[in-house]
Every structure is written in C-alpha cells, then in structure tokens.
Amino acid sequence: MSHIIKFSVHRDPQTDQSAQPTYHVRQDNYCTADKGELMESVRLHSAMRPEHLEMALSVLEKEIADFLLTNRRLHIDGLGTFYLKLGFREQTDEYGQPVKAHFTDPAAITGHDVKIDTIGFRPDQSFLKRLSTDIGTGFENMTGRGHVGHSAHYTDKQFMQRLDSYLKEHRYVTRHRLIDDFGLSDYMARKWLDRLTTSPMNRLRMEKMGNTLTYWPNE
C-alpha cells in the first residue's frame, strides 16, 4: 500500500553560527483519527472483533497508567517505551495570578512543587523501520518548493475577537485547535497560550482532560 506523507517547510526561530536562516519540516496533520475509526479499520483488515479490541484498549490504558505510577517505564516489544515526564506546578505572583514555576535553589524544590506534565513515548527501532521502509511511501511539499510556511499573524485585538467567538461555540480551546483552526504554528500556539494563562490579563485557565490540556475562559 502506498502512502503520501504531506509536509510543510518552516523557518527556525534561531539562525546558525554564520547568521544564516535554517529550516525544518513538519508533517501536515489535517485531522486526528479516533477510536471509532481505529476499530472500523481493524474490522476491515483483521479477524479481530471490534468489541474485543475495545476491551483490550481499556485494559491497556489502565495497565500503562499503573506501571507508570509505580515508578516504572513500560516497554511493549515491537512498539516502544512509555514513560512519565514531570514538571513544576504553577506558582502565583504577588497579585495571586498564576505564573510559571522558577527555582534558583534546588533545596527549595519539594514534592508539592512537582506534577506529571505528560507521558513520553520512545518508539522501538523495529516500529520506526516499519514506517520508513513502507514500499511506495512518498513525500509531498504542501508549501511548494522554495516557499516557507508561516504562522497566521494577528493583532491582539484580532486574536481576542476570534478566540472569543470560538469559545462561545466550543467552550474551550486546545493547542491543536489553535494550530488547525487559527492557522498558527506550534511555536506561536504555545506562545499565545503561555501569554493568555500567565500574563496579568490571565484570560484563560488550564485544565487537564485525560492526557489533553484544555484552556477555558477565566471567568
């Protein structure tokens, strides 16, 4: 089966040692498949019954979490290794507003300052090889040869107007929605979210839904 992987070219924020601009490529993801689509694909391409897959996924989700919470990485042969990534909880400034944690003394760090940021995944080489050696796989430059993709540019007023309109319809926003629906690069999406959750304006508050960070109006 042949595949065409779509990518875009973007300029790096920093230049190289000779002050020349450098570039990187990113896969263009237009949508995210869900469990229902996975189960339908399994039904079409294997003898496994979808209800058995759903049960297996539910058990696997619980078991992975249990392994990670008992200070163990989990390696699944042929797939890869799951592990926890830790970070610091938000602190508050003199005005009671949330700010990123900042420590200058390691002795000041306690367990109360630490949180689980996300789950990391390191694929097995055999899994990567399965992707990279797929016969017929090609790559298509969606920005066009010689062109560079850019993040959409908004003034503060334009961005807030669009965000307010989006939140009225969807209630909350995620980083991926800023990328897909607002036309932002990953870097700019993170920059806007950081600004709106840590600045004195503090327009958004962050909540975790499963493994996804969601951002809600700070009412």
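1. R49 is partly exposed, with 48% relative accessible area. The model is predicted. In it, the side chain of R49 meets that of E51 in a salt bridge, at 2.5 Å from N to O. E51 is also partly exposed, because its relative accessibility is 36%. The structure holds nine salt bridges, and this pair is one of them.

2. E40 pairs with R43, and their closest N and O atoms are 2.5 Å apart. E40 is partly exposed at 35% relative accessibility. R43 is partly exposed at 43%.

3. Helix 2 (residues 50-69) holds K62 and D66, four residues apart, so about one helical turn separates them. They form a salt bridge, with the closest N and O atoms 2.8 Å apart. D66 has a relative accessible area of 32%, so D66 counts as partly exposed.

4. D124 deserves a look. Is D124 buried or exposed? D124 is buried, yet has no salt bridge. The nearest side chain of opposite charge is R122, 7.0 Å away.

5. What does the side chain of D124 reach? It reaches the backbone nitrogen of G78, at 2.9 Å. D124 itself lies in the loop between strand 7 (114-123) and helix 3 (125-132). Leaving aside residues up to four places away in sequence, D124 touches H75, I76, D77, G78, L79 and G80.

6. G78 belongs to the hairpin of strand 3 and strand 4, which has three residues between the strands. There G78 takes a positive phi near 90°. The two strands run antiparallel and are joined by three bridges. I76 stands opposite G80 of strand 4. Both I76 and G80 are among the contacts of D124.

7. Strand 4 also pairs with strand 7, antiparallel, over nine bridges. In this pairing L86 stands opposite I116 of strand 7.

8. Another hairpin joins strand 9 and strand 10, with two residues between the strands. G210 takes a positive phi near 65° in it. Strand 9 (residues 204-209) and strand 10 (residues 212-217) pair antiparallel over six bridges. K208 stands opposite L213 of strand 10.

9. On confidence: the protein averages a pLDDT of 84, and 93% of the residues score at least 70. Strand 3 (residues 74-76) has the highest mean, 96. Strand 6 (residues 98-99) has the lowest, 74.

Technical notes: Residues numbered from 1 in each chain as written. Predicted model: local features only at pLDDT ≥ 70, side-chain atom pairs only at ≥ 80, totals over all residues. Heavy atoms only, no water. pLDDT = per-residue confidence, 0-100. Buried < 20%, exposed > 50% of the residue type's maximum accessible area, 1.4 Å probe, protein only. Lys, Arg positive; Asp, Glu negative; His and termini not counted. Salt bridge = Lys/Arg side-chain N within 4 Å of Asp/Glu carboxyl O. Polar contact = N/O pair within 3.5 Å; in protein donor to acceptor, adjacent residues only side chain to side chain. Contact = heavy atoms within 4.5 Å. Pairing = 2+ DSSP bridges.
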